[in-house]
Amino acid sequence: MRILSDGCAHSGSLGLPAPFPILSVETDNYRTKTFTIDLSLDALPGQFVMAWLPRFDEKPFSLVAADPVTLMVTAVGPFTNLLHAMGPGDPLWIRGPFGTSFRLPGSGLRAAFVGGGYGVAPLLWLAQTWRRQLEGATVIIGAGTAADLLYVDRFNALQKEAMSPGVPLEVLTCTEDGSAGSTGLVTDLLSDSLRSGETDLLCACGPHGMLAAIDSLGDEHNIPRQLSWEAYMRCAIGICGSCELNGSVLCLDGPVLEYGRTEQDAQPV
Amino acid sequence: MSEDLPNPSVTFLDRELPSPLVLASGIWGTTVSLLERAADQGCGAVTAKSCGPEPRAGHVNPSCIDWGGGLLNAIGLANPGVDEEIGLLREAKARLQPRGVAVIASIFAGTASEFGDVARRIASASPDFLEINISCPNVEDSFGEPFAANPDAAAAVTGCVKQAVAGQAIPVIVKLAPNVPSVGRIAQAAVHAGADALCAINTMPGLVLDPYSGQPVLANRSGGISGPALKPIALKAVYDARKACPHTPIIGTGGVSDGQDAVEMLMAGATVVGVGSAIYQRGPDALRNIHAELRQWMAAQNIASIADLQDRAHSEPLYATSPSIPPAPSAH
């Protein structure tokens, strides 16, 4: 398996799926679990893998971490229900990593990380990876209800860890029904944040409507953004066109697409 | 610098195309934006994803994998159906016509008369060419043995489609299968039934197993092999089709990954060259790179035009027939 070190799409063999045992399973909420797999990949935050159960189905999952491979799985259909019934020692077939990663354009920036629903999956690793090179970071996590909020504890732990050596990391939450955090959408919090302080870069993952709204906000405030789009990945290698979005194939050109970038050369993390 | 390179324009079915590269069916052909992207990268013609009479979800995943020597895919003709496809083709044509890039519609169906029906409906979008996919190896459960397996069946489908689009001046291209004893015989049957051009070839049936589960990797079990492993098979099919049908334009498709592969395909008998899996093998700029490499190769070899490459493998060899014979096997 090969990935170019610049975080851009692969140009080589990504091979056949192979089985790796599940190491641990952690329950995050009423329908979401986080699986750790006995596999390390040379991958970057934002990239995804394909997880296969032979003769059943194969689905794309954003990497929550690559060493060891960690996947957030929300039970939404037959495949994820079957995965939820599995435990340590059970094999999961993996191929990847695929697609583009988030790319840090420089050091000393203030970044906002915005996750909606299970879109928070790649953002914890991203914040961990970048935080020492950032001037500061705001994490905004949103969901429909308190029960749907994901990884708040993990981000709070990262926030404590970030106190020393002293990079300010702010964690904000919101729910649509007001059952936790502020009432409203992540874009409401982001809008307030953009008005009150300086932000140099927006990184977001979530539903298409949320990303489109963040794109508009970023455009309005003239802030570059890196948006990770969800799509049904069929071939996962850029040829079938199933995951097309405005001329980009999200499995190869994406899932992370850049908008409004002013810097000429983004540097890899 | 590129101004000094040879002009790669080519005539295909009486139409002057800016480049001999053709985006193969099933690759990027799902949206107008992707067809346009292929044109931007140097394709002279682009083929939309095959569409059938009704919308089709296709096979579940895995539907495409890299097994080492190329790809194996069984997407299963996922498509929105002919009625939806008409809009896509109309828009694609409106956007690509100004730059001289041709739009090829691709259709499939379960019976010869159904092929005629889909052809009649798709013709209302006025695609520049109509490719009939009688050779998809991955839908046998739905449609039985491909029509391309048999000269009579290939001729029957071709005849129905020609009749359906008669009077509309849309040339018909028949896409052939590699896994037949004689590609030339099927090619001739299609041409006698009215095919204006041939596309050789579709993917080659194959099976990849996962040794840990003992199961086929693709959800459809088998799939079609494309990429580097297909190239010599495609070259032979194109060579045979050219021999069998000396005057019929051919889209030579199969395993073309760089400019030199395209040169070889033209020499084998292709009029223009299909490219598909290279977008995986070479990355998202594959078409642009192959286009540049082809022109650089021509410049380096003092070849002025694509026509100078076409059919070279069918010309007389450099030397008179070799009088050498291999030594007889020794007795011990």
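## The interface between chains B and A

In this predicted model, 36 residues of chain B are in contact with 35 residues of chain A. The two chains bury about 2,700 Å² between them, and 57% of this area lies on carbon and sulfur atoms. On the chain B side, the residues that lose the most area to chain A are B:Asn61, B:Asp66 and B:Tyr280, which together account for 23% of what that side buries.

Polar interactions also cross the interface: 13 residue pairs are found in polar contact, and there is 1 salt bridge. The salt bridge joins the side chains of B:Arg37 and A:Asp253, with an N to O distance of 2.6 Å. Four elements of chain B, namely α1 (32-40), β5 (64-66), β13 (215-216) and α9 (278-281), each supply at least two residues of the side that touches chain A.

## Neighbouring strands and the crossover

Strand β4 of chain B (residues 45-47) pairs with β7(B) in the parallel sense over 3 bridges; here B:Ala45 has B:Ala102 as its bridge partner. Strand β8 of chain B (residues 129-133) also pairs with β7(B) in the parallel sense, over 4 bridges, and B:Phe129 in β8(B) stands opposite B:Ile104. From β7(B), the chain passes through helix α3 of chain B (residues 112-122) to reach β8(B), forming a right-handed β-α-β crossover.

Methods: Residues numbered from 1 in each chain as written. Chains lettered and ligands numbered in written order. Predicted model: local features only at pLDDT ≥ 70, side-chain atom pairs only at ≥ 80, totals over all residues. Heavy atoms only, no water. Pairing = 2+ DSSP bridges. Right-handed = clockwise from strand over helix to strand, strands pointing away. Contact = heavy atoms within 4.5 Å. Buried area = accessible area lost by both parts, 1.4 Å probe. Salt bridge = Lys/Arg side-chain N within 4 Å of Asp/Glu carboxyl O. Polar contact = N/O pair within 3.5 Å; in protein donor to acceptor, adjacent residues only side chain to side chain.
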